[in-house]
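Thanks for asking me to look this one over. Here are my notes, in the order I would go through them with you.

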Amino acid sequence: IISQNTNDRNTIRAFGNLKRALGEITPERVLEAPEAIIESALRVAGLYRNKTRVLKEVARAVVERYGGRLDAVLEKPLDEARAELTSLPGVGPKTADVVLMFCAGQPVIPVDTHVRRVSWRLGFTRPSDGYEEVRRKLEELIPPEDRMPAHLLLIQLGRAYCKARKPLCSKCVVRDLCPSAPR
């Protein structure tokens with residue numbers, strides 16, 4: 001939730017601020033903390049008032065529905081776990097897939113702006129494809145055991161070379177494979 005609509009640098013700073021403010025970050029501590037403390041911690045990530053409200057809502061739902069722990073949800077079959085996670089306030093498909101990949105080791109490919117951009121420039125998807133279409137197409141191409149490294153590599157490629165405004169095609173490590181690279 002903190003990472004939504006912000007870059008990784010600011011997400012990391014905001015998370016560090018929140019950890020310093022709350023100690024261990026748990027749903028219970030988020031609920032107990034004054035909004036002003038959370039807002040101050042998240043300010044660097046932007047949309048801090050909304051993110052504070054959503055964090056409080058999701059923390060309340062996690063405490064009420066699951067006793068403060070998502071272990072039982074993360075142990076469910078992939079589609080059930082995704083459905084339960086996306087039923088939480090402020091948790092969309094990308095956030096659910098990030099949790100499923102990094103916390104449950106599920107073979108999913110979360111689709112952020114870098115993954116989306118790189119996948120269509122490489123010809124794996126179309127620019128008009130929505131989140132689920134991009135995810136499905138990439139998961140059809142990439143074996144389950146390779147999905148986490150592929151996800152991370154697509155993000156790195158997007159940050160380093162395949163930039164949104166000024167792609168560095170002449171320096172790109174996959175230029176020879178890319179149908180979008182100038183010839």
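How far is the sulfur of cysteine 172 from the closest cysteine sulfur?

1. In this predicted model, the distance is 6.5 Å, and the partner is cysteine 178, so the two are too far apart for a bond. Cysteine 172 is also buried, at a relative accessible area of 16%.

2. Cysteine 169 has cysteine 178 as its closest cysteine by sulfur position, at 6.2 Å, which is again too far for a bond. A disulfide would need the sulfur atoms within 2.5 Å, and the structure holds 0 disulfides.

3. The largest nonpolar core has 28 residues, and Leu18, Leu42, Leu55 and Leu85 have the most contacts inside it. Helices H1, H3, H4, H5, H6 and H7 each give two or more residues to this core. H4 supplies the largest share, 7 residues.

4. Leucine 55 deserves a look in your viewer. Leaving aside residues up to four places away in sequence, leucine 55 touches Ile1, Ile2, Leu18, Val30, Ile38 and Leu42. A second, separate core has 17 residues, including Val111, Ile142, Ala150 and Leu154.

5. Finally, a helix pair. H8 (residues 113-121) packs against H10 (residues 147-160) at about 85°, with the axes 8 Å apart. That angle makes H8 roughly perpendicular to H10. On the H8 side, His114, Val115, Arg117 and Val118 take part, meeting His151, Leu154, Ile155, Leu157, Gly158 and Arg159 of H10. By type, the residues of this contact are 5 nonpolar, 3 polar and 2 charged.

Note on methods. Residues numbered from 1 in each chain as written. Predicted model: local features only at pLDDT ≥ 70, side-chain atom pairs only at ≥ 80, totals over all residues. Heavy atoms only, no water. Axes fitted to C-alpha atoms, helices over the stretch in contact; angles between N-to-C directions. Helix = DSSP H or I, 4+ residues; strand = E, 2+ residues; numbered from the N terminus. Parallel < 35°, antiparallel > 145°, perpendicular 65-115°, else oblique. Contact = heavy atoms within 4.5 Å. Nonpolar A, V, L, I, M, F, W, Y, C, P; charged D, E, K, R; others polar. Buried < 20%, exposed > 50% of the residue type's maximum accessible area, 1.4 Å probe, protein only. Core = buried A, V, L, I, M, F, W, Y, C linked by side-chain atoms within 4.5 Å.
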